[in-house]
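The tour below moves from one group of charged residues to the next.

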Amino acid sequence: MKINNFNSDEKILQYTNKIDYFLNSHKTLIVTELDLTNKCNHNCPGCCGNNENNAELSKEQIEKIAYNLKAMDNKGVILSGGGEPTISPHFEYAIKLLKNSNQNLGLNSHGMNLDDAKCELIASNLEYFRISLDAGSEEMYLKIHGMNAKSFAKTLENIEKFAKTKQRLNSKTSFGVGFLTSSTTECDMESFVKIVKDRGADFAQFRPFTGDSLDITPKLEELRSKYEDSNFKIVASYQKYKEMHNIKDRGYNKCHGMFFSTVISADFKVWACLHFRQSKRHLLGDLRDESLEDIWRGSRIREVYNSIDCSSCPILCRNDSFNRTLNKLNLSITNSEFL
């Protein structure tokens, strides 16, 4: 099983053609986060989507998005939110259409709405599937997701359901369960790992709450030594935890990553950053008015690029690791010809 190690700083270097476009042209897009809907049946207090509208993409809009992504030679689509992707009435249609448009697909979900049909659809079409559990107990689930013990039990049941479906279909989908780390959730890390492993997931994934600087690397190493085996891995956004001790010095002042990673929201608009959906300063364009390729060729994307003040962005943001890598392209190096 190939499991994503979340090493974005290394992955960006695999796309030399896209970096060439970045320096000379426009067709740079590699990954797109797609919000099928802004609706959600969870009540996470810290959700970045909790103040957004209740927009939902139509089938016609999804068709246009699929066409646009293929035209841009986009490589991957993450169905995320926004809201909860699996409650979109066009969830199945979107997966099949995007798959037929040569997109590799990933899904981030709270996992509570899974049924047999959705499990088979996901296991048959996606590269990865991550359920955001973020707890190892009913008490923590209530605190982080705002949901009761019955919902927690249902999600655990669905984790096991999908693991069994994956095994039955001999699916290659990488299946993991996610946990957001902070001083509040740290106490549940081990119980979370036990739950995930016992229910048959391929991996448990740790990543920090946006803006949180708690370094749990020592705890991660302890958990890996106790629970990892040939069928189960513990992975993390190590490049983020690595930068915990150096968060004041980003090492860059431009968000180069916005040319490689974008967000299309449920109201059919394109944004420079997932952390600033619905921020007018970060709006790149509206797909009602122009194509994705026109947006990437237009003047607005450069205006946003030049206006973004990275010092006001969340620490260890989505683009941070490859911003650090891409910024090296602009460094002035003395005697660079002498390697």
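**Salt bridges, stop by stop**

Start by selecting E190, K219, E222 and K226, which are linked in a network of salt bridges; a salt bridge here is a side-chain nitrogen of Lys or Arg within 4 Å of a carboxyl oxygen of Asp or Glu. This is a predicted model, in which local features need pLDDT of at least 70 and side-chain atom pairs count only at pLDDT 80 or more, while totals for chains, interfaces and linings use all residues. Residues are numbered from 1 along each chain as its sequence is written, and side-chain values use heavy atoms, with hydrogens and water left out.

Helices are DSSP runs (H or I, at least four residues), numbered from the N terminus. E190 is buried at 18% relative accessibility, and K219 is partly exposed at 22%; buried means under 20% relative accessible area, exposed over 50%, and partly exposed in between (1.4 Å probe, protein chains only).

Next, select E303 and R300, a salt bridge with its closest N and O atoms 3.7 Å apart. Both residues sit in helix α12 (residues 300–307), 3 residues apart, about one turn of the helix. E303 is partly exposed at 43%, as is R300 at 31%.

Then go to D115, which forms a salt bridge with K118 at 3.9 Å between the closest N and O atoms. D115 is partly exposed, at 33% relative accessibility.

Definitions and conventions
Helix = DSSP H or I, 4+ residues; strand = E, 2+ residues; numbered from the N terminus.
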